[in-house]
Structures are given as C-alpha cells and as structure tokens.
Amino acid sequence: GGGGGPPPSLDATEAALSSIRAAPADSSAPAPHEPLASAPWRHAFSTLVSHRAFVSDGFGEVAFKLEEHWEFAVGAFTMEDVARDVTLLPPQFVASGMRHQGGVYNQPFAAGFSFADVDTRMDSATVVMLNAGFLVPKLASISLAMLEATGLPIWLNVYLSKPGLATSTQLHTDAQDVVLVQCTGRKRWRVYRPPPPGKTPSLDPFARGKGTDHMEFVEEDLLIDTVMEPGQVLYIPAGYPHTTDTLLEPVEDEVASQPSVHLTVGVDSHIWSLSYAHLRQHALTRAGQPAALSDGAPVSALPLPQWLRLHAPLPFGFLSARHLAAGGGG
C-alpha cells in the first residue's frame, strides 16, 4: 500500500498471513466436471490470493514462507510421475544448467531422450521440466486452479534435484512472481533483497545471474534461509535474487533419501507487461512523452522501495473487472 515508505517487514507480513489454512480435499466440494484431486489446490490458491495481507502488501513486494503445510501437496508429484510423464515434453522443455565460456546456460536434452537420461543428469545438476503445466495432465489441473484464482497468465515448472548438490541453482532473479510447493525431498533456499537497479542500469533486474552476469552474495540482504520440507510453500516476488542447494545436514528419515521435487507456479505479469511500470511507459509513449523521470533520469535511478512499488504487478483479477461491471450490480 501507498506512500514511499519501505515495504512491510517479513515478520509482519508472515504474521498477517498465518491465518491462511488449506482445507483438506473433502471440505471443498468440486464441480461435477472438476477432478477431485484439484479441489484442495483451488481452495489453497484462492485463499492465498484473496487474503488481505497478501493482496495489499505481499504480492510482488515481500518474499515469505507459509507457516502452514499443504498436506495435499505431499507426494502430489513424484519421481514416479516424472518417469511416466517427462517424455510428454519436447526435448527443449527439459533442461539443466551448465557452465559454458564463463556463463551459466540451460542445456536442453536431445531428441529421443528418456527418463534414464534425466536420472543420469540429475547426478550432477538440477533438471527442470519447463512449461510442464501445459503438457502434463496431472499438472494441468493445478495450473488451471492458479489461473482461475489469479485471473492472470501463469505457467508451471517442475524442478528435480538429487541430494548432495552444492549448487542446485546459481544466484539469479526471474521475471515471474512464483509460488513454490515442495512435493518430495528437501531443498535449501536462500532469498535476498533485490540490488538497487541503478547500480547496474544496463542489466535487466528480472534476469540477473544468467548467462555471463554473475551476481554476488550480499549477506546483509539475506531475507530467507530455509530448508523446504514436503508440503511447505514459499513465495518469491519477481526480481528477488535466490539460490538453492541440496547439500543439507544429515537427517535419518525417509525424506532424506528422496530427490527434491518441487512445483514452481509462476504469474507472468512482467512477461505480458502487466505491471504499473509498463502501464506508465505505455501511457507516456502514447502521449508522445519520454519514459524518463521528470528530472530526466531513467526509472532505474529510483530508490529501491519506489522502484519495487512501480514495478508491482497489476492486481489479481483486474482483467475480469469489465466483465463484472457489464453484469450489473454494485
């Protein structure tokens, strides 16, 4: 909300969100056409995106980990599902990070790849099933649940990591606001406050740490350092640097031996120019005015809190407003 002050603290937002509870499957009656398995996902996503604290101070602004477990997500997608479904994806949608000529890039699999190839590559790297929510039936209903809850364009990736990876994903930023749901195994996440865009004006704040752009760890900017357990949920806004690993303290239990499988459900606001910054730029362009600030400085020169607020995504469901208005009522 409004003003030019700093974003709300992580503790305040997490405390406000502590009332969110995901109902068990039998407490949310599905429509006749709806698969029973997707009912708790629909309830959880709709509860999250309608929560006052998340809508006003969380979405696009604060990274946080929910205190609640989404029990229905435990084992919702496993390596057995991967073995069955991974070859439904074209090879360019299944990839892992690789270092090449001083940079970090995605290396896709070759045509005709098999699950055995995926398993082998997981010995040394995290494998991602890109856009799996569009192509894997079991995940499509989860994608649809998020789409209906947010009213915004979304996608779903699956990340696969075996235990013992010192770096599962390098420190980087993304253009999506994401809800991460751990299904099996464990993974450590560290999330950092974004660096001021003005320090690197030639670089895209939503694509840092990729290619030959190497981000440096700034420990005083660390916001979250947590190990995700099955059924736990983490939210990371677009532009927030994060890194992962599976090099964890030894724990003698069944989960410790499982590969980490988590779903990343992303909201594509920035990809589709659905942010206040894009609206401002579009309006100024249509008026024949420059997109710079009033003093001629680029937008990247704004202090970080103001830059983040300007680049916040448009509200959930805003695309539905005209349809609701056309239907009458208050």
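A polar contact here is a pair of N or O atoms within 3.5 Å, where one must be able to donate a hydrogen and the other to accept it. Keep that in mind for the first view; everything below comes from a predicted model.

**View 1. Q182 and the backbone of T184.** Let's start with Q182, which sits in strand β7, residues 177-184. A polar atom of the Q182 side chain lies 2.9 Å from the backbone oxygen of T184.

View 2. Is Q182 buried or exposed? It counts as buried, because its relative accessibility is 1% and the cut-off for buried is under 20%. Setting aside neighbours within four places in sequence, the residues in contact with Q182 include A73, K187, M228, E229 and P230.

**View 3. Strand β12 and its partners.** Now move over to β12, residues 260-267. Which strands pair with it? On one hand there's β7, joined to β12 by seven bridges, with H262 as the bridge partner of Q182. On the other there's β5, residues 154-161, joined to β12 by eight bridges, and here L160 has V261 as its bridge partner. Both pairings run antiparallel.

**View 4. The two faces of β12.** Take a look at each side of the strand. S260, H262, T264 and G266 are buried on one side, and V261, L263, V265 and V267 are buried on the other. Eight of the eight residues are buried, so β12 is largely enclosed by the rest of the structure.

Notes: Residues are numbered from 1 along each chain as its sequence is written. This is a predicted model: local features need pLDDT of at least 70, side-chain atom pairs count only at pLDDT 80 or more; totals for chains, interfaces and linings use all residues. Side-chain values use heavy atoms; hydrogens and water are left out. Helices (H or I, at least four residues) and strands (E, at least two) are DSSP runs, numbered from the N terminus. Buried means under 20% relative accessible area, exposed over 50%, partly exposed in between (1.4 Å probe, protein chains only). Contact means heavy atoms within 4.5 Å. Two strands pair if DSSP finds at least two bridges between them.
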